[in-house]
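I opened the notebook to keep a record of what I looked up in one protein structure. The sequence and the model come first, and my entries come after.

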Amino acid sequence: MSKKTHSQKLPEVPPVVDMQDAQQQAAILARALPYLRRYAGDTIVVKYGGHAMGDGTLASAFGYDIALLKLVGINPIVVHGGGPQISVMLDRLNLRSEFVDGLRVTDQEMVEVIEMVLSGRVNKQVAELINRAGAMAVGISGKDGSLLQARKLIRTKRDAKTGAEQALDLGFVGQPHKVDPRVLYALLGSGLIPVVAPVGIGEDGETYNINADTAAGAIAGAVNASRLLMLTDVPGVLDENGSLIEELTADEAYRRIANGSISGGMIPKVETCLEAVKAGAKAAVILDGRVPHSCLLELFTRAGPGTLIKT
């Protein structure tokens with residue numbers, strides 16, 4: 001009898017299959033079927049940022065979630081932020097940041113750095129997360145195809161002594177006044193996932209830094225998205241007792257803003273959702289991006305971890 005040598009290949013051993021685990025996976029897929037049918041062929045806009053972007057495990061899970069949406073027949077569009085990455089680069093260049101109402105005052109030198117960070121490094125990193133998961137994503141900015149046509153954002157502040165309204169100069173901070181989605185439709189029609197950096201173009205070719213929430217809301221309205229999913233670092237909209245409000249109509253949202261139960265940084269997020277719904281999106285959801293696979297939980301289960309806002 002000949003001895004077995006190192007060059008001889010051992011027979012492959014079939015992996016041990018846990019039938020109970022396999023049945024659970026099959027049951028999960030079966031329960032998701034009605035939701036897959038519901039969103040088949042629809043467009044979903046996802047605003048990606050906050051803790052979900054900074055945590056490596058959550059970032060990887062996000063990439064797989066977006067790839068899965070595309071592979072089951074849904075058309076995702078990702079709009080990302082990048083505030084922390086911008087701050088790091090500005091610090092390296094010894095450029096001082098100043099914020100007004102949460103918005104970074106942006107001069108000419110600073111907007112060039114912001115565009116470089118958002119449209120370059122961050123945009124390609126987000127696209128790579130999705131590509132690595134098995135789909136095909138393409139990074140663009142709001143300037144490509146004149147997607148986000150912007151105007152200078154005007155903010156006012158009331159003088160404490162005179163009571164007069166004073167205009168604040170935020171520099172090259174913009175807001176979308178028109179969205180041309182043709183470049184998005186071209187990419188989606190080719191089986192690609194657009195990943196959009198929130199940089200807009202002005203009427204005279206100026207570059208504007210646009211808040212990522214605002215950009216995502218404007219795009220969701222323009223493409224009549226079935227859902228705008230806004231990933232945040234909070235569970236969603238909370239009531240006076242700190243409990244999650246699972247669903248809000250537009251009237252209820254406006255009323256809660258007026259009576260102060262929706263306050264602080266949640267106000268602009270809710271207002272962005274309301275504007276998106278008003279412009280054509282069917283509904284918007286403020287999601288807890290710290291929850292792994294929050295997008296899939298929202299779309300394909302009854303346990304969506306956020307607040308649904310609709311008309």
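**Entry 1: the whole protein**

I noted at the start that this is a predicted model. I looked up the secondary structure and found 10 helices and 16 strands. I then took the box that the C-alpha atoms fill along the principal axes, and it is roughly 100 × 45 × 35 Å. The protein has 311 residues, and 46% of them count as buried. I wrote down an accessible surface of about 16,500 Å². Carbon and sulfur atoms account for 53% of that surface. I also looked at contacts between residues with a separation of 6 or more, and 72% of these join residues 24 or more positions apart.

**Entry 2: helices α8 and α9**

Before looking at pairs I reminded myself that two packed helices are described by the angle between their axes and the distance between the axes. I began with α8, residues 250-259, and α9, residues 266-279. Their axes are 11 Å apart, and the packing angle is about 155°. Angles over 145 degrees count as roughly antiparallel, so α8 is roughly antiparallel to α9. The crossing of α8 past α9 is left-handed.

Which residues make the contact? On the α8 side I listed A250, A253, Y254 and I257. On the α9 side I listed I267, V270, E271 and L274. Sorted by class, the residues of this contact are 7 nonpolar and 1 charged, with no polar ones.

**Entry 3: helices α4 and α5**

The next pair was α4, residues 83-92, and α5, residues 108-132. Their axes come within 10 Å and cross at roughly 130°. Is α4 roughly antiparallel or oblique to α5? An angle has to be over 145 degrees to count as roughly antiparallel, so I recorded α4 as oblique to α5. Here the crossing of α4 past α5 is right-handed.

From α4, the residues that take part are Q85, I86, M89 and L90. They meet M110, V113, I114, M116, V117, L118 and V122 of α5. I counted this contact by class as 10 nonpolar residues, 1 polar and no charged.

**Entry 4: C295**

Is C295 buried or exposed? The relative accessible area of C295 is 1%. The cut-off for buried is under 20%, so C295 is buried.

Leaving out residues up to four places away in sequence, I found C295 touching V46, F62, D65, L229, L231 and L287. I also checked C295 against L69, which is 226 residues away in sequence. In space the two are 9.3 Å apart, C-alpha to C-alpha.

Q149 is in strand β6, residues 148-152. The relative accessible area of Q149 is 17%, so Q149 counts as buried. Neighbours within four places set aside, Q149 is in contact with Q175, P176, H177, K178, D180 and I201.

R155 is in strand β7, residues 155-158. With a relative accessible area of 31%, R155 is partly exposed. Neighbours within four places again set aside, the contacts of R155 are D101, L103, Q166, A167, L168 and L170. I checked one distance here as well: R155 and G63 are 92 residues apart in sequence and 36 Å apart in space, C-alpha to C-alpha.

**Entry 5: two backbone angles**

Most residues other than glycine have a negative phi. I wrote down S146, whose phi is positive, near 50°. S146 sits in the loop between β5, residues 137-141, and β6. S146 is partly exposed, with a relative accessible area of 31%.

N224 also has a positive phi, near 50°. The place of N224 is the loop between α7, residues 212-222, and β13, residues 227-232. N224 has a relative accessible area of 47%. Exposed means over 50%, so N224 is recorded as partly exposed.

Note on methods:
Residues numbered from 1 in each chain as written. Predicted model: local features only at pLDDT ≥ 70, side-chain atom pairs only at ≥ 80, totals over all residues. Heavy atoms only, no water. Axes fitted to C-alpha atoms, helices over the stretch in contact; angles between N-to-C directions. Helix = DSSP H or I, 4+ residues; strand = E, 2+ residues; numbered from the N terminus. Parallel < 35°, antiparallel > 145°, perpendicular 65-115°, else oblique. Left-handed = near helix turned anticlockwise from the far one by under 90°. Contact = heavy atoms within 4.5 Å. Nonpolar A, V, L, I, M, F, W, Y, C, P; charged D, E, K, R; others polar. Buried < 20%, exposed > 50% of the residue type's maximum accessible area, 1.4 Å probe, protein only. Areas by Shrake-Rupley, 256 points an atom, 1.4 Å probe, with all protein chains shown as cover.
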